Amino acid sequence: MRVLHFFKTYWPDTFGGVERTIHAIAKGTAAHGVETEVLSLSRHPGENTVEFDGHRAYKARLDFEMASTGFSLEAFSRFAELGSQADIIHYHFPWPFMDIVHFATRLDKPSIVTYHSDIVKQRLLMLGYKPLMNRFLNNVDRIVVTSPNYLESSEHLQDFRPKTAIVPIGLDRAAYPSVREDIKAGWRARLPEKFFLFVGVLRYYKGVHILLEAARMTGFPVVIVGAGPTEQDLRKQAERLNLHNVHFLGALPDEDKVALLDLCYAAVFPSHLRSEAFGLSLVEASMFAKPMISCEIGTGTSFVNADRETGLVVRPADPSALATAMQLLWNDPRQVQRMGSAALKRYEKNFTMKKMSAAYAEIYAELTAGPVRKKQR
């Protein structure tokens, strides 16, 4: 069985949350006899069309971007060519240009879309896009959401519930490097013995500015791993607040990230807007048996981090609530150990690559086994 994934960007151009999910699906479904190809956009399509971990990553030339949406004239022909050879088309939402390509190429293939997130930031543009979005979601054969929380809270999905399935994102612990003692020793020497850890791209919806306020209130050591558009503003905020207890480490190799996940006291993930649809960093923390603090934003973050079971869930955009949760964990090591053990068990039950891949392989088999409904173009 051949599956073509279509998303606006992929490795080696970028490797964020959606890209990592595509990679995990490709790698995991190979065990079920699925051959995967990925088509995305790139400013350097020739050199960035590569073999990657058992599958082929194809590129079409990125012509321009507008409102976080990439456009490409070449994508129409590349998608038609690759799609004609595939048994299933696997889309990843949101990407409005993808909807246009879907209808323009008129491929009569079974189709599935993983609905990663509502469109949150571009509210005005959403008014014009909504009719096309609804037509696209109505036209595909199956919609997958990554948590029951997101299905319940997304107003855009309610009309499509009969053909919607829930498949949580899973990660492969074996894909992460072993924790090297020399790297751990280096970080032990550099950082406090006990610290809270944030890992993620520094974007507007991550709530790191709220975490800095909580760090000011508590004085607890906070380590921030990641880079991104808001990094300089956050560093200026920390300097203005005189936060000597906050350590900005920037983007780090996986070996260092694994060492810090292993060494940290607990993970803190203060995303305060629905743009944070799932929170793969929470899954990573669970893999390393770390309790978590996250915010209730109606998305998958509260599915990964079960309140009072694997960690604490607090009100969003509330530094005092975040500080209180940090204080509770800081003063209760036994609770931290209990929640960390529960987090690992929850990961093994719900968030492994093997479990996710088996679910997608089953959906693929269902779509190719039965008659595909006639597409309404």
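Modeller: Helix α8 passes helix α13 in a right-handed crossing, a term used when the near helix is turned clockwise from the far one by less than a right angle. This is a predicted model, in which local features need pLDDT of at least 70 and side-chain atom pairs count only at pLDDT 80 or more, while totals for chains, interfaces and linings use all residues. Residues are numbered from 1 along each chain as its sequence is written, and side-chain values use heavy atoms, with hydrogens and water left out.

The helices, which are DSSP runs (H or I) of at least four residues numbered from the N terminus, span residues 208–218 in α8 and 319–330 in α13, and they pack at an angle of about 55° with their axes 8 Å apart. The axes are lines fitted to C-alpha atoms over the stretch in contact, and angles between N-to-C directions run from 0 to 180 degrees.

From α8, the residues making the contact (heavy atoms within 4.5 Å) are Ile210, Leu211, Glu213, Ala214, Met217 and Thr218, and from α13 they are Pro319, Ser320, Leu322, Ala323 and Met326. By class, this contact has 8 nonpolar, 2 polar and 1 charged residues, where Ala, Val, Leu, Ile, Met, Phe, Trp, Tyr, Cys and Pro count as nonpolar, Asp, Glu, Lys and Arg as charged, and the others, Gly among them, as polar.

Definitions and conventions: Helices (H or I, at least four residues) and strands (E, at least two) are DSSP runs, numbered from the N terminus.
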